[in-house]
Amino acid sequence: MIDQFVIPLLKIVVVLNATLLGVTYMVLLERKVIAWAQSRLGPMRVGPYGILQPIADAVKLVIKEDITPVRADKWVFTAAPIISMVPALIVYAVIPFGPTIHLFGRPVSLYIADVNVGLLYIVSVASVGVYGIILAGYASNSKYPLLASLRASAQLISYEVAVTLTLVSVILMARSLSMVSIVNAQYNAGVWFAFVQPVAFVIFFIGGLAETNRAPFDLPEAEQELTGGFHTEYSGMRFALFFLAEYANMIVVSSVATTLFFGGWLRPFPNVAALHVLDVIPSWMWFLIKSFVFLYIFIWVRATLPRYRYDQLMRIGWKLLIPLAIANLVVTGIVKVLIA
Amino acid sequence: MLSDYIPIAIFVVVATGFAVFTLVFASLLHSEKYNKVKLEPYECGIEPITDARDRYSIRYYLVAMLFVIFDVETVFMFPWAVIFDKLLLFGLIEMVVFIFILVVGYYYAWQKGALEWA
């Protein structure tokens, strides 16, 4: 009873809180980093160096007027942010933050669930988020949101094919779909998969940028053409849910990239006993450090690169990444047969 | 094991509950001063004349169809990749034949201009 319900519930509460805190401070970090990249200071007023800015933002969003346009489909209009938000959160159920450790004399695994189809679960749950975007644009019954939601969903599904194909080459290396087994496979191989599958990693990361609608692929939010993107008509807490979902998805992509390609909770050179000193940093800390690096790269890319045109975006997805991913898969298979 | 999915089921309930709770919580706190103009769809200050759900470019349908084809084929590769170490050369040849058929269709779509946007 305790093992089946209470402990998972506790873990879920911890992960949920950590995610929401991470999301709010991710927003502040983004504003700060972009400000520094542009020789500005960023938010400085709320608290010392603006560190209380996320709290002020949250309070503002809660007490803001929440408008439902007269022409909108009211129920779908409210359901869309929930449909966007829930998949972005429940993906964390299968992400391993660390191995099984001993806490208060009982073994506690630092993941919520280790299902044997973990990777498939992530792919399928992550694609449910597209429905939130489509429904938001459709329910708004306004021209800009509809156009933006069509663009966003076409973009998401185009890059999803390439990303899913790269996942197959990771499965070839790990021989398993379970996230914990994939990390253990990297421990046994003695090398992070990013170094054996560099092409797959690059495609995965580009696809991750596109699937989270981030610069340089932030076409759905191209404000010069589409005002505010698919959530133009949203305000108040319903807008906040979309916002949270978007940043939660960024953390998901970072965590999945860490798990699949950078050894998850493993320290660098996990098999070299001489580097034992690195174990002072606990395993979950390694996971957070690696994920943070990816989140920083997300912001860095946004501060550096200009936006693509829509036809360029589709050309990169369909004519470059997909053939490259297929070629990478076939080459991986051939090399595996030659080695065996 | 089905019991592996109990934590996920709990998570779905908690996450949905959280999303609904925040919406209800905010609806109790926020201010409400509506008027007719404020509730109009945003269209740069011009009164919207037609319904927004109009016809749109056929490209989006094409992309959706191509996605369904490619994604289903990719999902077929998941179980193949898991047991690849047992199949080796046999598995490789089988999958190369499968991917070859996929690539022929892909080439056809490319030549027909289904992947062009402009």
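Me: What does the secondary structure of chain B come to?
Reply: In this predicted model, chain B has four helices and zero strands. Read from the N terminus, the order of its elements is α-α-α-α.

Me: And what is the radius of gyration of chain B?
Reply: Chain B has a radius of gyration of 25 Å, whereas a compact globule of 118 residues would have one near 13 Å. The C-alpha trace of chain B spans about 70 × 50 × 15 Å along its principal axes.

Me: How much of chain B counts as buried?
Reply: The share is 15% of the 118 residues of chain B.

Me: Now chain A. What is the phi of Ser39(A)?
Reply: Ser39(A) has a phi near 55°, which is a positive value in a residue other than glycine. Ser39(A) sits in the loop between helix H1 (2-37) and helix H2 (53-63) of chain A.

Me: Is Ser39(A) buried or exposed, and why?
Reply: Ser39(A) counts as exposed because it has 6 C-beta neighbours inside 10 Å, and the cut-off for exposed is 12 or fewer.

Me: What about Asn141(A), where is it found?
Reply: Asn141(A) lies in the loop between helix H4 (118-140) and helix H5 (143-174) of chain A. Although Asn141(A) is not a glycine, its phi is positive, at about 55°.

Me: Buried or exposed, for Asn141(A)?
Reply: Asn141(A) is buried, because 21 other C-beta atoms lie within 10 Å and the cut-off for buried is 20 or more.

Me: One more residue: where is the place of Ile55(A)?
Reply: Ile55(A) belongs to helix H2 of chain A. Ile55(A) counts as partly exposed, because it has 13 C-beta neighbours inside 10 Å, a number in between the cut-offs for exposed and buried.

Me: What separates the C-alpha atoms of Ile55(A) and Tyr25(A)?
Reply: The separation of the C-alpha atoms of Ile55(A) and Tyr25(A) is 9.3 Å, and these residues are 30 residues apart along the chain.

Technical notes:
Residues numbered from 1 in each chain as written. Chains lettered and ligands numbered in written order. Predicted model: local features only at pLDDT ≥ 70, side-chain atom pairs only at ≥ 80, totals over all residues. Helix = DSSP H or I, 4+ residues; strand = E, 2+ residues; numbered from the N terminus. Rg over C-alpha atoms; globule rule 2.2 N^0.38 Å.
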